[in-house]
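Trainee: I am new to this structure. Please take me through how to read it.

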Amino acid sequence: MSRDRAEAAFPAPQRNETNGPYWQALDAGRLVFQRCAACANAWLPPRTECPRCLSPRWQWENASGAAKLVSWVVYHHGYHPYFESRLPYNVAVVELAEGPRLTSNIVEAAGGLRIDMPLELIIQSEAGVALPRFRPG
Amino acid sequence: MRGNVVIAGVGHTPFGKLPGRSTVSLNIEACRNALADAGVDKDAVDALLVKPPTSNPQFMYGQTLAEAMGLQPRVGGAWDQGGAANISLISFAAMAIEHGQCEIALVCYADNPRTGSRHAYEKAWGDDAAFGWFGVPAGYAMLARRHMEQFGTTSDQLGAIAVAIRGHGAANPNAQLRKPITLEEYRQSPWVIDPLRRDDCCLVSDGAAAVVLMSRERARRLQVARAVPILGFGQGQSSWEVAQRSDLTSTAAEVSGATALKMAGLAARDIDVAQIYDCFTITVLMTLEAYGFARRGEGGPFCAGGRLQAGGELPVNTAGGLLSETGMPGLQLVIEGVRQMRGDAVVQVADARTCIVSNQGGIMHTHSTLVLGQAL
């Protein structure tokens, strides 16, 4: 697949009013999450209300980048043409030190993966989109 | 209301590839068969509850189906809860019957993803597609990995589930896949999404199923043969997407199972045969833990050693389940539970007096549990 075709096929995140600041922060080199101004709950992905107390008052907060591995899978079947050339590849669930969990990829993991292993944030560009990935930390 | 409502009839279409058939047509065939099984005239039906087709959801599908069947049901509509919906609809129908809102209910489901579109099962998970996160199997693989790493659950233990259920399906003349496997063949099965192999994954099937519900008293007056009493039911919702779920190895199947067993006045040890939603092998293992058949984390050893096979301590999915009979989401498990309680299953568990049936949907987001008793 040519670089152009691959970029054309990349399933880029759909930015909207709610998640726009999240992706803009990644473009600027920061991973952010939401914290409730009423109950201090922290969460991702971006929402309009706190899922714990339903308050619409919250702030964006910078993540430290420290995280741990909750679980991971390794794709051996391509569900989308963009990813077929990189099979097998991993997708992981990661928990930030501040609490929120997100879907990501683990990179630079030649030493293998184990649950609860410490990770650190590395922001990488994929088809021009800044993505939050993680490596053993 | 324990035992006050019965399943009076069951019906289904052939399973597998049914090209050119609409879901309305498939639903009607299953309902026709279920009504004939119950010995009930269509015009006596005053409730029609349907799970919308997974691969092609449509607005007001319940009314579309009612029109095609010439019904003006008092209680009717569609309910979307993923794969948990069928048992939930049975429980809603039972409560409506108990409280005089209707008298004879049809609960049905049809879909044609095999010859139609599989998109619903292979689609991206929102913006996480940017990380390559696609497909239903991936979510279950994420749960399975955590279970394996946290508790030492092995691939061979998942394989034992596939071996047991595929063996039951091989005996079922109506099963879509009648090929038993050995543990060695399971080990050779290719990865789809590690840690799940092809043989951990259910079938994709066209087909439909339906059940007829009424009060125990109505069934007696209509002289319905071998009506199967509903002893208990319950629901539970885990709700969070996999990535946001705080604990990947426990689910609200604990809630649905406990609710259903409490209503039935039974404990897991009182259950003789189980029909457990087996979209993937890990789903069976985690559901059996949630229902209390095995302690949390001990589902792997519990499922190994032939315990789930016919003749074992807890025969599971005696018609082949989603892995072997048909991949359609869940109502076939209820039908096999009814056969077991009537005593006319192909792989019949001797003296079976109680059966638990699980339905679940999403990535173990939604749970619904049914407990059936021996036919009257």
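Predicted model: local features only at pLDDT ≥ 70, side-chain atom pairs only at ≥ 80, totals over all residues.

Trainee: Which domains does chain B have?

Mentor: Domain bounds come from an automatic or database domain assignment. For chain B, domain 1 covers 5-116 + 204-229 and domain 2 covers 135-203 + 230-373. Their C-alpha centres lie 23 Å apart.

Trainee: How many residues does each domain of chain B bring to the contact?

Mentor: Two residues are in contact if their C-beta atoms, placed from the backbone, lie within 7 Å. Domain 1 of chain B brings 29 residues and domain 2 of chain B brings 35.

Trainee: Which element gives the most to the domain 1 side?

Mentor: Helices (H or I, at least four residues) and strands (E, at least two) are DSSP runs, numbered from the N terminus. On that side α3(B) gives the most, with 7 residues.

Trainee: In what order do the strands of the chain A sheet run?

Mentor: Two strands pair if DSSP finds at least two bridges between them. In chain A, 3 strands form an open, antiparallel sheet in the order β2-β1-β3. Its edge strands, β2 (42-43) and β3 (58-62) of chain A, each pair on one side only. Strand β1 (residues 32-36) of chain A pairs with β2(A) over 2 bridges, and A:Gln34 stands opposite A:Trp43 in β2(A).

Note on methods:
Residues numbered from 1 in each chain as written. Chains lettered and ligands numbered in written order.
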